[in-house]
Amino acid sequence: MSIEATEAHQPVFVGAIRDRLETLQQSYPTRMALLLPALWMVQEERGWISDSSVHEVAAVLDLTPAYVRGVLTFYTMYHQHPVGRHFIQVCTTSPCNICGAEDVVAAVLAESGCGELGTTSPDGRFTVIEVECLGACGFATPMLIDDDFIESVTPDLVPALLARYP
Amino acid sequence: MGFPHPIHAGETPVLSTHFGDPAARTFDGWSERGGYAALRTALGMAPEAIVDEVKASGLRGRGGAGFPTGLKWSFMPKDTSRPHYLCCNADESEPGTFKDREILRWTPHALIEGCAIAALAIRAEMTYIYIRGEYTEPHRILQDAVAEAYAAGALGADAFGSGKRLEMVVHRGAGAYICGEETAMMNSIEGRRGNPRIKPPFPAVAGLFGMPTTINNVETLAAVPHIITRGASWYSSLCLGNPKSTGTKLISVCGHVQRPGTYEITLGFPMRDLIFDLCGGMRPGRTLKAVIPGGSSVPIMTPAEVDGCATDYEGIAAAGSLLGSGGMIVMDDSTDLVYQVMRLARFYAHESCAQCTNCREGTAWTTRILERILRGEGKESDLALLMDLADNMTGKTICVLSDSCATPVVSGIQKFRADFDAYLTGAAAPVAVGA
Ligand SMILES: Cc1cc2nc3c(=O)[nH]c(=O)nc-3n(C[C@H](O)[C@H](O)[C@H](O)COP(=O)(O)O)c2cc1C
Ligand code: SF4
Ligand code: FES
């Protein structure tokens, strides 16, 4: 029998991170303008943006939680739920598509153990999604693994590439 | 240079001279290569003089619309009782376009210097550089370069001891193509959803935080230091075609060419030579089928339209398309145009901000009809339906994302009808796609 851990919410914006946010305020005339940077900070710290983080960001920036949620959901790079240890985004827009991106996706899904797009592998190691143009179309197929931007991926390169992300 | 390839004799390297050279990335490296001389010059110039020089150069916006840069700057009020802002558009997300990222990661100081000079011209003390969230490496490089520029005194409350304030902040996007549209970008910086705003008011009147604002593309701004250092007449003499298209242009070429990459040509350069000489042409045994010359939002060109086409604003327009961002997608005879048009429609459907009914419904419906045709379930009347939808998506919405979705559909059906007919008659094998 396992006991599910119920962790108390630990605020993100304390100490050095709060200081970073307040320093950033000097560059913007409004408090609201700190919203995208603040959401990035939460994601860097926690890996995703939970509802309690939404409430915290709202309180810190004098906004309502509904407003923060409205903005958060507009942008595709913010994770609204936990993802695998490594997050893989493969471009499949036209220029990459005509250069074989779909084969790369298939290879990544097989090698990662995810099987299907949007799922997390049973070992919790990878989540794989397709994304629209990554702005590196001449280097098909580009992908992001976490913050690493990798170009010219072909299916045969995938096993060695994923092996670098334990 | 045709990054990542060596410079080709047909190119005119100005912005791309130092692509691939990490030593040019640092403040010292950039200064040793003649960098920051233009900013020092501009700090001694009146704003009007900078605007006039850029007007005389003929520089036009490299983000897509080709609007004359000096003229855009002249719309900014002279009165500085309210703050003025400069936004640099580094959101580069138009499929086929990957030229700005080479400026961002190889010559970030060229961009910083260009932003600083533009800020002086429009009387702005603050510049926001909005960079797409996916550009992780360019973001790091640019942030380091901005920090270096502050440390070296090029930026700050007293830029190079001139008494003028030049502040600069790198603002990271979070995944949304639409934030490349200038008013959506301003909303995004303000901490809002990236919905485009209705114009007027135009940004020069009421832009970022409601203040007078100018938005320029990375490549546009990176050209400015060269114009200040070498002069407007030098820049305007770079012209191989129409005199209204001056200077050099980065063209990022992708798809089925042997040497994809970012090439720098003098405007007016023959498109055919760019594809077949600089980029090495098609793979062995393949022939050219289609070219989308200016990012995915412009009409698709046929090989016949490419022949004799001058790569500049007027030349490509005369050939039935647009220079756009300079993101060139080349497709050979292995390409299924119906599938690719569907893929582009799906892109726009995914990226629509959904404020306008015609865009929200039109992009999604267009995608579904194209998917149905690909599955072999299309009807002859579907093409007329797609054309009718396209008509309803053009010129009727807050921004032109909706029009951009209609463009490849219309040019695809008009110029590559045989590809569509193959699915409608059952000659092409159905593709498993969509619902
Ligand atoms: C849907 C949409 C997306 C756009 N994306 C970009 C972009 O990624 N980069 C860019 O520079 N301009 C983009 N633009 C054009 C900008 O709105 C704006 O015209 C441009 O940044 C102005 O700079 P320029 O005059 O220097 O070209 C986009 C426009 C639309 C309608
Ligand atoms: S045209 Fe589309 S993307 Fe542009 S404002 Fe309307 S709904 Fe949004
Ligand atoms: S289409 Fe794949 S990076 Fe642009």
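Visitor: Which residues does B:Arg343 touch, not counting residues up to four places away in sequence?

Guide: The model under discussion is predicted. With residues up to four places away in sequence left out, the contacts of B:Arg343 are A:Thr92, A:Thr93, A:Ser94, A:Asn97, A:Glu130 and A:Glu132.

Visitor: Is B:Arg343 buried or exposed?

Guide: The residue B:Arg343 belongs to helix H14 of chain B. Its relative accessible area is 2%. A residue counts as buried under 20%, so B:Arg343 is buried.

Visitor: With which residue does the side chain of B:Arg343 meet in a salt bridge?

Guide: Between chain B and chain A the count is 2 salt bridges. For B:Arg343 the N to O distance is 3.6 Å, and the cut-off is 4 Å. The partner in this salt bridge is A:Glu132.

Visitor: Which element gives the most residues to the side of chain B that touches chain A?

Guide: Polar contact between chain B and chain A involves 21 residue pairs, both residues at pLDDT 80 or more. Several elements of chain B give two or more residues to the side that touches chain A, including H5, strand E2 (126-131), helix H8 (182-189) and helix H14 (337-351). With 8 residues, the element that gives the most is H14(B).

Visitor: Which residues of chain B lose the most area to chain A?

Guide: The contact draws 55 residues from chain B and 40 residues from chain A. About 3,700 Å² is buried between the two chains, and carbon and sulfur atoms give 58% of that area. On the side of chain B, three residues together account for 16% of what is buried, and those that lose the most are B:Ala174, B:Arg193 and B:Arg343.

Visitor: What is the geometry of the aromatic pair formed by A:Tyr75 and A:Tyr78?

Guide: Over all chains there are 17 aromatic pairs. In the pair of A:Tyr75 and A:Tyr78, the rings are 6.3 Å apart, centre to centre, with 75° between the planes. Both A:Tyr75 and A:Tyr78 are buried. Planes over 60 degrees apart count as edge-to-face, so the pair A:Tyr75 and A:Tyr78 is edge-to-face.

Visitor: Is the pair of B:Phe3 and B:Trp106 stacked, edge-to-face or tilted?

Guide: The ring centres of B:Phe3 and B:Trp106 lie 5.4 Å apart, and rings pair within 6.5 Å. Their planes meet at 55°. Stacked requires under 30 degrees and edge-to-face over 60, so the pair B:Phe3 and B:Trp106 is tilted.

Visitor: How many residues apart are B:Phe3 and B:Trp106?

Guide: B:Phe3 is buried at a relative accessible area of 10%, and B:Trp106 is likewise buried at 10%. The pair links distant parts of the chain, with B:Phe3 in the segment before helix H1 (27-32) and B:Trp106 in helix H5 (residues 100-106) of chain B.

Visitor: Over the face of which ring does B:Arg60 lie?

Guide: A charge over a ring needs CZ of Arg within 6 Å of the ring centre. B:Arg272 lies over the face of B:Phe276, at 4.2 Å from the ring centre. For B:Arg60 the distance to the ring centre is 4.0 Å, and the ring is that of B:Tyr313.

Visitor: What is the omega of the peptide bond from B:Pro200 to B:Pro201?

Guide: Most peptide bonds are trans. The bond from B:Lys199 to B:Pro200 is cis, with omega near -5°, and B:Pro200 is in the loop between H8 and strand E4 (213-217) of chain B. The bond from B:Pro200 to B:Pro201 is cis, with omega near 5°.

Visitor: What is the phi of B:Tyr36?

Guide: Most residues other than glycine have a negative phi. B:Tyr36 lies in the loop between H1 and helix H2 (37-43) of chain B and is buried, with a relative accessible area of 1%. Its phi is positive, near 70°.

Visitor: Is A:Asp146 buried, partly exposed or exposed?

Guide: A:Asp146 has a positive phi, near 55°, and sits in the loop between strand E3 (143-145) and strand E4 (148-150) of chain A. Its relative accessible area is 29%. Buried means under 20% and exposed over 50%, so A:Asp146 is partly exposed.

Notes. Residues are numbered from 1 along each chain as its sequence is written. Chains are lettered from A and ligands numbered from 1 in the order in which they are written. Side-chain values use heavy atoms; hydrogens and water are left out. Rings of Phe, Tyr and Trp (its six-membered ring) pair if their centres lie within 6.5 Å; planes under 30 degrees apart count as stacked, over 60 as edge-to-face and the rest as tilted. Buried means under 20% relative accessible area, exposed over 50%, partly exposed in between (1.4 Å probe, protein chains only). Helices (H or I, at least four residues) and strands (E, at least two) are DSSP runs, numbered from the N terminus. A charge sits over a ring if NZ of Lys or CZ of Arg is within 6 Å of the ring centre and within 35 degrees of the ring normal. Contact means heavy atoms within 4.5 Å. Buried area is the accessible area (1.4 Å probe) that two parts lose on being put together, summed over both. A polar contact is a pair of N or O atoms within 3.5 Å; within protein, one must be able to donate a hydrogen and the other to accept it, and residues adjacent in sequence count only if both atoms are side-chain atoms.
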